[in-house]
Amino acid sequence: IDDTHEAVKNRITSPAQNTLRTLGICLEREGRLGFNQSATEIAWFCQDNSIEVLGRKLSGEDKDARVIGSMFKSEFNDKHEISVEQFTITKHEEEFKDEESRVRIKKSYTFKKREEQECENHPEPKPWKLELDEFDNPY
């Protein structure tokens with residue numbers, strides 16, 4: 001079984017993989033690939049675009065961001081980058097201090113389409129260009 005078939009099999013059997021692929025497709029359609037987005041921003045995007053998360057619609061409540069964050073945590077584990085079919089998702093972590101001067105970590109996620117990254121290294125061949133010779137002109 002090749003890698004593509006294996007990726008499709010994983011997505012079909014994993015609600016999180018299916019959600020991330022759908023999210024990537026919708027982000028691409030909306031021109032939002034390549035932007036860092038927090039779990040809250042992703043939850044709003046899912047709600048605005050009727051994207052089911054783990055097989056269910058989001059409720060529009062504060063817990064939606066926790067559902068998204070939990071999904072990312074389980075998919076990323078200790079990694080900072082994962083691939084879901086044609087998309088690469090990168091996790092960014094930034095330390096900040098909250099109102100009580102406690103150090104917190106803000107996480108954000110960036111979706112990119114893998115073909116864009118691969119095409120930089122392997123440009124597509126140029127299409128054939130057929131030209132008529134003066135002898136091929138029937139007139």
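In which sense do strand β1 and strand β2 pair, and over how many bridges? Before the answer, please keep in mind that this is a predicted model.

Strand β1 covers residues 81-84 and strand β2 covers residues 87-97; the two pair in the antiparallel sense, over four bridges. To see this pairing for yourself, look for E81, which stands opposite T90 in β2.

β1 and β2 form a hairpin, and two residues lie between them. In this turn you will find E85, with a positive phi of about 50°.

A handy spot to look at is I89, standing opposite F111 in β3.

Between β2 and β3 there are five residues, and these two strands form a hairpin. S101 sits in the turn and has a positive phi of about 65°.

## Where two helices meet

Now let's turn to the helices. Helix α2 (residues 15-29) packs with helix α4 (residues 63-76) at an angle of about 110°, and their axes are 10 Å apart. Because angles of 65 to 115 degrees count as roughly perpendicular, α2 is roughly perpendicular to α4.

Which residues of α2 and α4 meet? From α2 come A16, Q17, T19 and L20, and they meet M71, F72 and E75 in α4. Sorted by class, this contact of α2 with α4 has four nonpolar, two polar and one charged residues.

Note on methods:
Residues are numbered from 1 along each chain as its sequence is written. This is a predicted model: local features need pLDDT of at least 70, side-chain atom pairs count only at pLDDT 80 or more; totals for chains, interfaces and linings use all residues. Side-chain values use heavy atoms; hydrogens and water are left out. Two strands pair if DSSP finds at least two bridges between them. Axes are lines fitted to C-alpha atoms, for helices over the stretch in contact, and angles run from 0 to 180 degrees between N-to-C directions. Angles under 35 degrees count as roughly parallel, over 145 as roughly antiparallel, 65 to 115 as roughly perpendicular and the rest as oblique. Contact means heavy atoms within 4.5 Å. Ala, Val, Leu, Ile, Met, Phe, Trp, Tyr, Cys and Pro count as nonpolar, Asp, Glu, Lys and Arg as charged, and the others, Gly among them, as polar.
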